[in-house]
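Trainee: I have a new model open and would like to talk it through with you. Could we go over it piece by piece?

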Amino acid sequence: MQFHHHGYVSGDPRVQNAAGTGVDRPDRLPDEVDVLIVGSGPAGMLLAAQLSQFPHLTTRLIEKREGRLALGQADGIQPRSVETFQAFGFADRITAEAYNIGWMNFWAPDPENPERIVRTTRTEDYGYKISEFPHLIVNQARVLDYFAEAAAHGPARIVPDYGVEFVGLEVGADDVEVRVRTAEGQRTIRAKYVAGCDGARSGVRQAIGRTHVGAAARHAWGVMDVLVETDFPDWRIKCAINAAAGNILHIPREGGYLSRMYIDLGEVAEGDNHRVRQTPIDEVIRRANEILHPYSIDVKQVAWHSVYEVGHRVTDQFVDDLDHPRVFLTGDACHTHSAKAGQGMNVSMQDGFNLGWKLGHVLTGLASAELLRTYDRERRPVAQQLIDFDREWSSLMARKPGEITDPAELSTYYLATAEFPSGFMTQYAPSSITAEAPAQELASGFPVGKRFHSVEVVRVCDGNAVHLGHHAKADGRWRIYAFADAEGSALREWAGAAQDIVERFTPEGADPDAVFDVKAVFPGRWEDVVGVPALFRPRSGPLGLTDLEKVFAAAPSAWTTADVFAERGIGAEGAVVVVRPDQYVAHVLPLTAPDELERFFAGVVAMPAAVASRP
């Protein structure tokens, strides 16, 4: 990581200097704010961490609980989420404490004795097959802790306002009046924008008249986090277990001892009226042992348990007004589904990531309010894809042995659809921030609309192998990657024109890379890279120090055998890849057309006169 460019740092470099509203931040909730986040779940906490990078804004997060979440219900972390954690600075730390899913095993009735289960398939997990990051299991509460730390250590010093309950809201022409209740009574806060991150029973959703569309399946599952003694041989491996007595999805958890079990409780009778939710934990454990036969579990402690009926719902609209949105819904407030696919927390965080930089850009004048229209257009289709996937996965998981014609069908489906549960299937449609007609053939491995898939490169200034995408932090900046042509002449000519473009869109007095983080990647050996244009060596911070970490080479070195040009389909003519602040590819352009780059950003970024300087 980079620091010292604002002067010598002797303490933790992850703690950024307070700025703007982060200086002497008041403890009392203000009467007026720019953004009010309702709810401290995954989407809300990520949103707070992102907006902490915009200290000229007043952002507050209210939560009716009196303190941090102690025990989270979600625990599956897809590789795309770990990519996101990398951008917020804590991927390594959370990976160290999480359970890494390396394998998934499948169990079914023994053909010779159907009352017993036997292992039928052992499959490698999909995580490392399609990403440099793993598939993890970790308590949701720890994820929230890390985002809370990022928010508190950002320039805006955002911390949750606990013990504040959302009561209602009224949307006006210029702001939103939000009624809240505290220990001191009820009061009203005026907010320019409100983010409803308050769960499946969202009060914000009800207040703006949005409704869930969908229904609950008539099937119940018990779920429990347990510490046990057992003779089941795969206790520390993720397993899908199909037996004559029902089904179990077994997921080891962090810490080496704890595991989560989803136990099939069968079809729910007509007119049950949710009575199945009262199923006692002893009955859930009995069912688990019946399914696991000839193995058994002796439960020593139940850390948490619940019973639920599978539901699949998407809210009809993720904002209060499609043309002029002021209230936004995220996470369970706008999409609910089963927990077995492990997607809820992950998709919720991407809701927050999508929304956060857009609010920051609009409120600082870096973009027009039209940018906010893209939130519903981008995230609602993703939620519908999630519901469709979860409905199919849940149906497969709930089948009886007699309904299965191919014993390998579940494992085949699990691997064949790996890109979706990994979080890499999302591809945003053309819009003002995602090009309609990119020169995709110039960089076929960076599909426009999909997340930027990192590759190892060699940093020219020191010869170290690093991941190109890991340098991009969640700081609200656009990324421009210029992949040089074989001779380098086209890149140098492009850099001269791009320098003018960057300067025209950058506020006066701000760092040259305050809006655009521009990097160069050369083919060939890193030792041979010379004569780098000034665009890729900007002066940073109040000391005006040259940033030497924006130039890379692709050739194999002593530290890596990767070649980004070969792995991402970039030819001898080079390419320009534009990446949004939330890590999704926005455009692919030729080096010979800098005017196209300018036209794209003219429709996205406001001119400097309207832009608030970054600290």
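This is a predicted model: local features need pLDDT of at least 70, side-chain atom pairs count only at pLDDT 80 or more; totals for chains, interfaces and linings use all residues.

Trainee: Moving on to helix 5 (residues 140–153), how does its end-to-end distance compare with what it should span?

Mentor: The two agree, because 14 residues at 1.5 Å a residue should span 20 Å, and the end C-alpha atoms of helix 5 are 20 Å apart. At the start of helix 5, a side-chain oxygen of Asn139 comes to within 3.0 Å of the backbone nitrogen of Ala141.

Trainee: Which residues of helix 5 are buried, and what covers them?

Mentor: The buried residues are Gln140, Ala141, Val143, Leu144, Tyr146, Phe147, Ala150 and Ala151. Their cover includes helix 1 (42–51), strand 3 (76–77), helix 2, helix 3 (91–97) and helix 8.

Trainee: You mentioned helix 2, so how many of its residues are buried?

Mentor: Helix 2 (residues 79–88) is mostly covered, with 10 of its 10 residues buried. Just after helix 2 comes Gly89, which takes a positive phi of about 90 degrees.

Trainee: Which residues other than glycine have a positive phi?

Mentor: Asp24 is one of them, with phi near 55 degrees, and Arg157 is another, with a positive phi of about 50 degrees. Asp24 is found in the segment before strand 1 (32–38), while Arg157 sits in the loop between helix 5 and strand 8 (161–162).

Trainee: Are those two buried or exposed?

Mentor: Asp24 has 72% relative accessibility and therefore counts as exposed. Arg157, at 22% relative accessibility, counts as partly exposed, since the cut-off for buried is under 20% and for exposed over 50%.

Trainee: Switching topic, where does Trp357 sit, and is it buried or exposed?

Mentor: Trp357 is in helix 8 (residues 344–363), and because its relative accessibility is 0%, it counts as buried.

Trainee: What does Trp357 touch?

Mentor: Leaving aside residues up to four places away in sequence, Trp357 touches Gln50, Phe54, Leu371, Ile433, Trp478, Arg580, Pro581 and Asp582. With Asp582 there is also a polar contact between the two side chains, at 3.3 Å. The C-alpha atom of Trp357 is separated by 7.2 Å from that of Leu51, although these residues are 306 places apart along the chain.

Trainee: What does UniProt list for residues 426–606?

Mentor: An unreviewed UniProt entry lists "domain: Phenol hydroxylase-like C-terminal dimerisation" for that range. Over residues 426–606 the model has 17% helix and 20% strand, and the end C-alpha atoms are 27 Å apart.

Trainee: And why is strand 22 (residues 516–522) largely enclosed by the rest of the structure?

Mentor: Strand 22 is largely enclosed because seven of its seven residues are buried. Both of its faces are covered, with Phe516, Val518, Ala520 and Phe522 on one side and Asp517, Lys519 and Val521 on the other.

Trainee: Which strands does strand 22 pair with, and are the pairings parallel or antiparallel?

Mentor: Six bridges join strand 22 to strand 21 (residues 478–483), and these two run parallel, with Ile480 standing opposite Val518. Strand 22 also pairs with strand 25 (residues 551–553) in the parallel sense, over three bridges, and there Phe522 has Ala553 as its bridge partner. Together with helix 11 (residues 489–505), strand 21 and strand 22 make a right-handed β-α-β unit.

Trainee: One last thing: which peptide bond is cis, with omega near 20 degrees?

Mentor: That is the bond from His293 to Pro294, and Pro294 lies in the loop between helix 7 (281–292) and strand 16 (297–315).

Note on methods. Residues are numbered from 1 along each chain as its sequence is written. Side-chain values use heavy atoms; hydrogens and water are left out. UniProt positions are given in the numbering used here, feature names are shortened, and annotations may be inferred rather than shown by experiment. Helices (H or I, at least four residues) and strands (E, at least two) are DSSP runs, numbered from the N terminus. Buried means under 20% relative accessible area, exposed over 50%, partly exposed in between (1.4 Å probe, protein chains only). Contact means heavy atoms within 4.5 Å. A polar contact is a pair of N or O atoms within 3.5 Å; within protein, one must be able to donate a hydrogen and the other to accept it, and residues adjacent in sequence count only if both atoms are side-chain atoms. Two strands pair if DSSP finds at least two bridges between them. A crossover is right-handed if, with the strands pointing away from the viewer, the path from the first strand over the helix to the second runs clockwise. The expected span of a helix is 1.5 Å times one less than its number of residues.
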